[in-house]
Amino acid sequence: MEQINVTLDPAKPLAMLQSCPAYQPSPLSVHKVGTHDVWVKDETQRMGLGAFKAMGGVYAVAELLVRECGTSIQDLTSPEARDKAAGVTFVCASAGNHGMAVAAGAMLFGAGCRIHLADTVPEDFVSRLRAKGAEVVRSGATYEDSIAAAINDAEDSGAIHLADGSWPGYTEPPRLVMEGYTTIAEEMRDSFAAAGSWPTHVYLQAGVGGLAGAIAYMIRKNWEVQPEIIVVEPDAAPCLSESAKAGEMVTVAGPVSNMGRLDCKTPSMLAFEILSKAADRYIAISDTDALAGVAKAHDLGIGSTPSGAAGLTALLQEQMHNLPADARPLVILSEGAVQDD
């Protein structure tokens with residue numbers, strides 16, 4: 001594999017999380033899926049927020065407040081630090097889960113938070129965001145519209161823009177988000193090392209690519225046994241695979257997908273940098289097939305969504321097309337069930 005130029009340090013978010021009473025590793029268990037024993041990393045209950053995004057947004061809020069307020073990460077919950085944080089507002093666009101993580105971090109440390117949502121985001125997320133103290137603004141028909149609104153908001157208000165996607169000239173906040181996700185890979189590495197058994201195939205669902213990029217980065221950096229890494233995208237939004245083909249970031253066009261948290265038409269620059277070197281191949285899945293992944297997750301006793309079960313959906317497809325009999329696949333169920341409008 002080519003050298004990856006992005007730098008992510010898992011020790012920093014792990015140090016913060018180990019002092020957080022809500023933190024514990026998410027479950028990793030083996031389930032029989034078809035003829036294969038499949039490792040399933042269950043992020044559906046992560047830190048009470050119901051998705052892997054909790055690992056990135058909360059950590060990024062903490063790191064940015066340390067820099068903004070001149071305090072230490074250990075003192076962020078002190079009355080003095082909270083008084084300083086009260087003058088800071090975070091702004092971001094979200095398809096739901098990233099906004100929940102940013103809102104939770106802002107509430108935890110005493111900062112303000114404003115989340116821009118596209119019209120397609122389920123109303124359930126609006127209620128959950130407001131319960132975390134966030135101001136919610138509906139901003140346009142698409143995720144891309146909400147990103148543009150968040151950028152303008154931050155420029156006009158002086159708020160800190162904390163996106164989970166990156167582009168030229170904007171990399172540090174999303175890099176912190178991805179750094180938070182590396183803890184997930186470290187949890188899995190510890191489990192595999194203890195068991196003496198490692199996956200042969202890893203299916204990583206991607207929207208802008210933050211989770212896939214962070215996990216792939218850590219796999220290539222320090223996993224003892226190197227698996228095949230497969231990136232999974234909606235066929236309505238294959239921005240990472242098309243960028244890989246082009247050798248540069250591209251924006252794709254397509255209809256709205258039922259995989260709403262993955263329905264992103266432009267990749268994160270940092271994720272593209274990592275995955276263009278670390279990923280072995282890409283799979284696009286349809287909205288119809290994505291529902292089969294949700295049904296299979298339910299059969300395993302885990303409630304998820306078309307987005308959350310997309311890696312499992314890709315595995316089901318591969319089982320019909322000669323996945324080796326001795327394969328030991330890994331999938332991540334990245335979010336719990338979400339109620340649509």
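Predicted model: local features only at pLDDT ≥ 70, side-chain atom pairs only at ≥ 80, totals over all residues.
Local features here need pLDDT of at least 70 and side-chain atom pairs pLDDT 80 or more, while totals for chains, interfaces and linings use all residues. Numbering runs from 1 along each chain as its sequence is written, and side-chain values use heavy atoms, with hydrogens and water left out.

Q: How many helices and strands are there in the protein chain?
A: Both kinds of element are DSSP runs numbered from the N terminus, with helices being H or I of at least four residues and strands being E of at least two. Going by that, the protein chain has 12 helices and 10 strands.

Q: What is the radius of gyration of the protein chain, next to what the globule rule gives?
A: The radius is taken over C-alpha atoms, and the rule is 2.2 Å times the number of residues to the power 0.38. For 341 residues the rule gives 20 Å, and the chain comes close to that, so it is as compact as a globular protein of that length. Along the principal axes, the C-alpha atoms fill a box of roughly 60 × 45 × 40 Å. The radius of gyration itself is 19 Å.

Q: What share of the residues in the protein chain is buried?
A: Buried means under 20% relative accessible area, exposed means over 50%, and partly exposed is in between (1.4 Å probe, protein chains only). Out of 341 residues, the buried ones make up 59%.

Q: What share of the contacts with a separation of 6 or more comes from residues 24 or more positions apart?
A: A contact means heavy atoms within 4.5 Å. Counting the contacts in the protein chain with a separation of 6 or more, the share from residues 24 or more positions apart is 72%.

Q: How far apart do the centres of the positive and negative side chains lie?
A: Lys and Arg count as positive, Asp and Glu as negative, and His and the chain ends are not counted. Each charge is placed at NZ of Lys, CZ of Arg, CG of Asp or CD of Glu. There are 24 positive and 42 negative side chains, and the centres of the two sets lie apart by 4 Å.

Q: Which residue's backbone oxygen does the side chain of Arg46 reach?
A: Arg46 sits in the loop between strand E2 (36–42) and helix H2 (54–69). Arg46 is buried, at a relative accessible area of 2%, and among the residues it touches are Tyr23, Pro25, Ile184 and Glu187. At 3.2 Å, the side chain of Arg46 reaches the backbone oxygen of Gln24.

Q: What is the phi of Met47, roughly?
A: Met47 is found in the loop between E2 and H2. It isn't a glycine, yet its phi is positive, at about 50 degrees.

Q: Is Thr182 buried or exposed?
A: Thr182 belongs to helix H7 (residues 172–195). Not counting residues up to four places away in sequence, Thr182 touches Leu8, Asp9, Pro10, Pro13, Ala214 and Met218. Its relative accessible area is 0%, so Thr182 is buried.

Q: How far apart in space are Gly210 and Met178?
A: Gly210 lies in helix H8 (residues 210–222) and is buried, with a relative accessible area of 7%. Contacts of Gly210 beyond four places in sequence are with Met178, Tyr181 and Ala271. Although Gly210 and Met178 are 32 residues apart in sequence, their C-alpha atoms are apart in space by 5.7 Å.

Q: Which elements do the buried residues of H9 pack against?
A: In helix H9 (residues 239–246), the buried residues are Cys239, Leu240, Ser241 and Ser243. Just after H9, Gly247 takes a positive phi of about 75 degrees. The buried residues of H9 pack against strand E8 (228–234), helix H10 (269–278) and strand E9 (281–285).

Q: How far apart in space are Leu262 and Pro234?
A: Leu262 is in the loop between H9 and H10, and at 6% relative accessibility it counts as buried. Its contacts include Gln205, Pro234 and Ser307. Leu262 and Pro234 are 28 residues apart in sequence, and C-alpha to C-alpha they are apart by 6.8 Å.

Q: What is the relative accessible area of Asn322?
A: Asn322 is found in the loop between helix H12 (310–319) and strand E10 (329–333). It has a positive phi of about 65 degrees although it is not a glycine. Asn322 is exposed, with a relative accessible area of 74%.

Notes
Polar contact = N/O pair within 3.5 Å; in protein donor to acceptor, adjacent residues only side chain to side chain.
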